[in-house]
Amino acid sequence: MSDMIGTVTVPAIPNSGLAFPLIGDYPYSEVRPYPSVSHRFGDKATLSQQTFLTGIGPRQFQFKKSVISYTDTNTLKDFFESVQGGYQTFTYAAPNSDGTTTSYNVIFENKPLSVQALVNACQAGMTFLEVPDPLDAPEYDVNATVTRFPSADMETALLSTVQQIIPLVHIRVRDTTIPDVYLSDQRCTIGGQLYLPRLLSINEKGTGVVMSQSIQWMNDDQGSDSVNFTFGNADRIMTKFMNSTDLSWASIDLCLYHVNSSTVYSYGKASL
Amino acid sequence: MPVGVLPQTLSTAFTESKIFPMLTNTYHDGTPETGLITDTVNNPRSIRTWTLSKRLKSVDLEALKSFYDSHHGAVIPFYFYDPFTEGETIGSTYDDTGDSEVGRYTVKFVTTQWSQSMTIGLSNTSLSFMEVA
């Protein structure tokens, strides 16, 4: 079943059904980033840290050919055209250290395919990015929901040196025929609810401000709080969603799922 | 309209790049989101870019520099014959009249300034130009 945002179908990344036709040179390399943010404290002679896991990057496979024949060069160029660069997925047999290979569903990194001509051959290098299988998305249980102050269990868990927090956005438009929209910065199922990857950032770019508050009723903003969400629209789905319904006065609420304590913290709710 | 044909000289380095213009996002679990930039009429196609390094005699360098000057850098498009056209002998497609369509591309310079470095006898320069409609 396709993912939906409201009544708009989110298309899956097209699969070309093709396999990468060439075999690269040694050394084969694979990179898998685990992005995190660490805060260092003065405690324990400044050795105390609290680290937030912010996600799991896709596997990256570097492919290079120091010498590639003109025939293979044309094969590579034709293949690049067939999968429309980084648009369609294909299968790459990634070499393992024991000599075997593992097939991954990948796309070209969104960079130019460059082929340098040599005297009687060419050389090329590129990076493939793994496309995660939606069926492998993690599922989390919800043990508690807190609306204002953290529970005792959550307080204890927040002291851990390792933290993982997933932002959850819920949008409900006034038109009751439009299904509620559940979005996050990653694909996950929390408390039985599937959240689609669509949230790029919460704060304004270049700032660390998640939410700004004003309590002065005489201000032009009537003292309302302000929060910014940035949703991905590379596939124009958010544009289609906006055109499919009226977002005026839609409610949007932001929750933070604390993985360590399986607690949903309701951060705030607002109107668009 | 393209004006003239890029003079044919040997290159010390010849790199062809191609990319499909695309919007992309990557989420925290590695899920990509992509959208090809199209005009909704024509099929998407890649944009080619060539980067050439050259080490030339004075007469060839001056000819190339004059060509660059006459096109005001990255302003006026011109024809370029790809010497590595598939199915053709390398370098055989060049036609200084610009009439032949085999291996011919309409391009314009990417760099907006000319640069060269001179050594005894030969001079070095590099060019980068991209395909345009």
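Modeller: Begin with one pair of residues. In strand E3 of chain B, B:Glu33 is the bridge partner of B:Asn25. Keep in mind throughout that this is a predicted model.

Colleague: How many bridges join E2(B) to E3(B), and in which sense do the strands run?

Modeller: The two strands run antiparallel, and 5 bridges join E2(B) to E3(B). They form a hairpin with 5 residues between them. In the turn, B:Gly30 has a positive phi of about 90°.

Colleague: What does the rest of chain B look like?

Modeller: Chain B has 1 helix and 8 strands. Read from the N terminus, the order is β-β-β-β-α-β-β-β-β. The C-alpha trace spans about 55 × 35 × 30 Å along its principal axes. Of the 133 residues of chain B, 20% count as buried.

Colleague: What share of the contacts in chain B with a separation of 6 or more comes from residues 24 or more positions apart?

Modeller: That share is 66%.

Colleague: How should I read an interface between two chains?

Modeller: The size of an interface is often given as the accessible area lost when the parts come together. Here we can count residues instead. The contact takes 27 residues from chain B and 35 residues from chain A. On the chain B side, strands E1 (13–19), E2 (22–26) and E3 (32–36) each supply at least two residues. The largest share of that side, 7 residues, comes from E1(B).

Colleague: How do the residues on that side of chain B divide by class?

Modeller: The side of chain B that touches chain A has 11 nonpolar, 11 polar and 5 charged residues.

Colleague: Which strand of chain A pairs with E1(B)?

Modeller: Strand E10 of chain A, residues 113–117, pairs with E1(B) in the antiparallel sense over 5 bridges. One of the partner pairs is A:Ser114 with B:Ser17 in E1(B).

Colleague: Next, a helix. What can its length tell me?

Modeller: Compare the span with the one expected. Helix H1 of chain A, residues 70–82, has 13 residues. From its first C-alpha to its last it reaches 18 Å, close to the 18 Å expected at 1.5 Å a residue.

Colleague: Which residues of H1(A) are buried?

Modeller: The buried residues are A:Thr73, A:Leu76, A:Lys77 and A:Phe80. They lie on the same side of H1(A), because they cover an arc of only 95° around the axis. On the other side of H1(A), A:Thr71 and A:Asp78 are exposed.

Colleague: What do the buried residues of H1(A) pack against?

Modeller: In chain A they pack against strand E7 (60–68), strand E9 (101–108), E10 and strand E11 (122–130). E1 of chain B is also among the elements they pack against. After H1(A) comes A:Gln84, whose phi is positive, near 50°.

Colleague: Can we try a residue in a loop?

Modeller: Take A:Pro58, which is in the loop between strand E6 (49–53) and E7 of chain A.

Colleague: Why does A:Pro58 count as buried?

Modeller: The cut-off is 20 or more other C-beta atoms within 10 Å. A:Pro58 is buried because it has 24 other C-beta atoms within 10 Å.

Colleague: Which residues is A:Pro58 in contact with, leaving aside its neighbours within four places in sequence?

Modeller: They are A:Leu129, A:Glu130, A:Pro132 and B:Gly30. Of these, B:Gly30 is the residue from the turn of the hairpin of E2(B) and E3(B). A:Pro58 and A:Leu129 are 71 residues apart in sequence, yet 6.2 Å apart in space, C-alpha to C-alpha.

Colleague: How is chain A divided into domains?

Modeller: Chain A is divided into domain 1 (14–132) and domain 2 (136–271). Their C-alpha centres lie 32 Å apart. The contact takes 7 residues from domain 1 and 7 residues from domain 2. The domain 1 side has 3 nonpolar, 4 polar and no charged residues.

Colleague: One more case of strand pairing, please.

Modeller: Follow A:Cys255 in E22(A). A:Leu168 stands opposite A:Cys255, and in E23(A) the bridge partner of A:Cys255 is A:Ser266. Strand E14 (residues 162–172) is joined to E22 (residues 251–258) by 8 bridges, and the two run antiparallel. E22(A) also pairs with strand E23 (residues 263–271) in the antiparallel sense, over 8 bridges. The hairpin of E22(A) and E23(A) has 4 residues between the strands, and A:Ser262 there takes a positive phi near 50°.

Notes
Residues numbered from 1 in each chain as written. Chains lettered and ligands numbered in written order. Predicted model: local features only at pLDDT ≥ 70, side-chain atom pairs only at ≥ 80, totals over all residues. Buried ≥ 20, exposed ≤ 12 C-beta atoms within 10 Å, placed from the backbone. Contact = placed C-beta atoms within 7 Å. Nonpolar A, V, L, I, M, F, W, Y, C, P; charged D, E, K, R; others polar. Pairing = 2+ DSSP bridges. Expected span 1.5 Å × (residues − 1). Arc of directions from axis to C-beta. Domains from an automatic or database assignment.
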